[in-house]
Amino acid sequence: MLGLVNTTQRLDANSQYAYALWCTHFAEQSIVAIANGEVIGFLTGFRSPRNPGTYFLWQTATRPRHGVAGLGVDMIAHAVEREIARGADRIEASVDQDNKAIRVLMKTLAKRFGGRIEEELLYPGSLLAGEGHDHHDEILMRICLDRPDAPDMSDMSARAMPAPARTSSEVSA
């Protein structure tokens, strides 16, 4: 997975250890595509601990010229459909304002599932910039599915467990 991230300019690389942990702790919410014994794509996602009705799409990458048309879009659509079937009523992703492809995909998914898009600043680029490296603002795109059968967990979880304050070292770690 790290090898794919390193070939993708728009993704931030994490350690090999982080990806190994991801594959054990969040395997049920993620996808790995393998062809001929080689990882040709992956999607990492998770259900929010503070709001279990929210599914967060974290990273998606595909190997260039892997031979499977639309693999990245198919992985995202499959993961979203699966998590909605498991009760998710919110789908979130942090995106670069200039990443038109993911922005169009999120809007298409919202339309497909009868949801609406909400956007807000998740992290300013200045918080995520490293030494000598700029970073874009991370915009949180949220698909809100107005499902009458889904309880609104956001208010209950906020009262039960307030969000911890974030520091720049916690965010960049």
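Here are a few questions about this predicted model, each with its answer.

Colleague: How many disulfides are there?
Modeller: A disulfide is a covalent bond between the sulfur atoms of two cysteines. Here the sulfur atoms would have to lie within 2.5 Å of each other. By that rule, the count is 0 disulfides.

Colleague: Is C144 buried or exposed?
Modeller: Buried means under 20% relative accessible area. The relative accessible area of C144 is 0%, so C144 is buried.

Colleague: How far apart are the end C-alpha atoms of helix α3?
Modeller: Helix α3 covers residues 71–85, which is 15 residues. At 1.5 Å a residue, α3 should span 21 Å. The model agrees, since the distance between the end C-alpha atoms is 21 Å.

Colleague: Which strands and helix do the buried residues of α3 pack against?
Modeller: The buried residues of α3 include L71, M75 and I84. R82 and E83 are also buried, and their side chains meet in a salt bridge. The buried residues of α3 pack against β1, β2, β3, β4, α4 and β6.

Colleague: Which residue forms a salt bridge with R63?
Modeller: The closest N and O atoms of the pair are 2.8 Å apart. R63 lies in the loop between β3 and α3 and its partner in strand β2, so the bridge ties together parts 25 residues apart in sequence.

Terms used: Residues numbered from 1 in each chain as written. Predicted model: local features only at pLDDT ≥ 70, side-chain atom pairs only at ≥ 80, totals over all residues. Heavy atoms only, no water. Buried < 20%, exposed > 50% of the residue type's maximum accessible area, 1.4 Å probe, protein only. Helix = DSSP H or I, 4+ residues; strand = E, 2+ residues; numbered from the N terminus. Expected span 1.5 Å × (residues − 1). Contact = heavy atoms within 4.5 Å. Salt bridge = Lys/Arg side-chain N within 4 Å of Asp/Glu carboxyl O.
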